Amino acid sequence: MKLTDFFSIIEANHTFQNPTSEAKLDQMISYCNVADGQRILDVGCGKAWLLRRLISRYAVQADGIEFIDSFADEADTLAAAQPSKGSLTITKADARTVSPKPAHYDLGLCIGASFAIGSFEEMLAWLRPQIRIGGMMAVGDIYARATPVPPESAKHFSGGAVRSLQDTAKMLDENGLRLVGLIDSSLDDWDRYESLHWHAADAWLQNNPDHPERNEFEALIEPFKRDHIHSDRESLGWSLFVCRVLA
Ligand SMILES: C[S@@+](CC[C@H](N)C(=O)[O-])C[C@H]1O[C@@H](n2cnc3c(N)ncnc32)[C@H](O)[C@@H]1O
């Protein structure tokens, strides 16, 4: 089974695809100094919950990049159905193939999608130059609650070294990003996000008893559950980091 098909099945019922809450995403927006006329980029935007929220409130041009067609299509359909002051353009592509636009945006977002570019460090290096000096960046990512973390949790650091919250703040600082807002996720946020995966997977298994890729599907979903319960829930945290882009 293609991983993109797997994710479109298990994230079918997520409105936003991260371990946070609507209230926390709204809190994040309030730290981002969004104003009419701005340009906003969200890499790995998924169903574009955030961009849709932003265009409902502000006359902004929102650009999303998303490589799973079903998520991009859902984003477009939902955007078309809501009253909006701004406009949304989703580019259906692998983010690594999209040419960066230097200093083009007022706000850059990458919420739980660093791996769309590479490691957390590589995502910062790709996104930051696309934001004008004085603009804002908001990124969401995991961090290690304590080191060392078990290998099954360490593997979530998408090609980069295991990072604590303090390491992450230091890395932002070293990249000329002044941290102005930190919003941490609770265990309830994590459990809800993970349970939505299991719940959608269970429905798929019930509805597809003879599917030729059923065994593959089960082999993919089981480690999700096992890692969350036995390791990630205790070892990892997840936070939104809102930053000012400095000269
Ligand atoms: C954890 S989800 C987060 C989605 C969204 N940011 C949110 O908070 O709801 C990560 C998203 O990144 C997308 N993605 C992963 N790799 C990508 C790539 N190379 N290019 C574009 N999108 C990618 C996935 O399809 C998925 O929708």
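Reader: Is F217 buried or exposed?
Author: Buried means under 20% relative accessible area, exposed over 50%, partly exposed in between (1.4 Å probe, protein chains only). The model is predicted: local features need pLDDT of at least 70, side-chain atom pairs count only at pLDDT 80 or more, and totals for chains, interfaces and linings use all residues. Residues are numbered from 1 along each chain as its sequence is written, and side-chain values use heavy atoms, without hydrogens and water. With a relative accessible area of 0%, F217 is buried.

Reader: How many aromatic pairs does a search of the whole structure find?
Author: Rings of Phe, Tyr and Trp (its six-membered ring) pair if their centres lie within 6.5 Å; planes under 30 degrees apart count as stacked, over 60 as edge-to-face and the rest as tilted. On that basis, the search of the whole structure gives six.

Reader: Which class is the pair of F6 and F217?
Author: The ring centres of F6 and F217 are 5.4 Å apart. Their planes stand at 65°, so the pair is edge-to-face.

Reader: How far apart in sequence are the parts that F6 and F217 tie together?
Author: Helices are DSSP runs (H or I, at least four residues), numbered from the N terminus. F6 lies in helix α1 (residues 3–10) and F217 in helix α9 (residues 214–235), so the separation is 211 residues.

Reader: What is the relative accessibility of F6?
Author: F6 counts as buried. Its value is 1%.

Reader: What angle do the planes of F6 and F224 make?
Author: This pair is edge-to-face, with 5.8 Å centre to centre. The angle is 70°.

Technical notes:
Helices (H or I, at least four residues) and strands (E, at least two) are DSSP runs, numbered from the N terminus.
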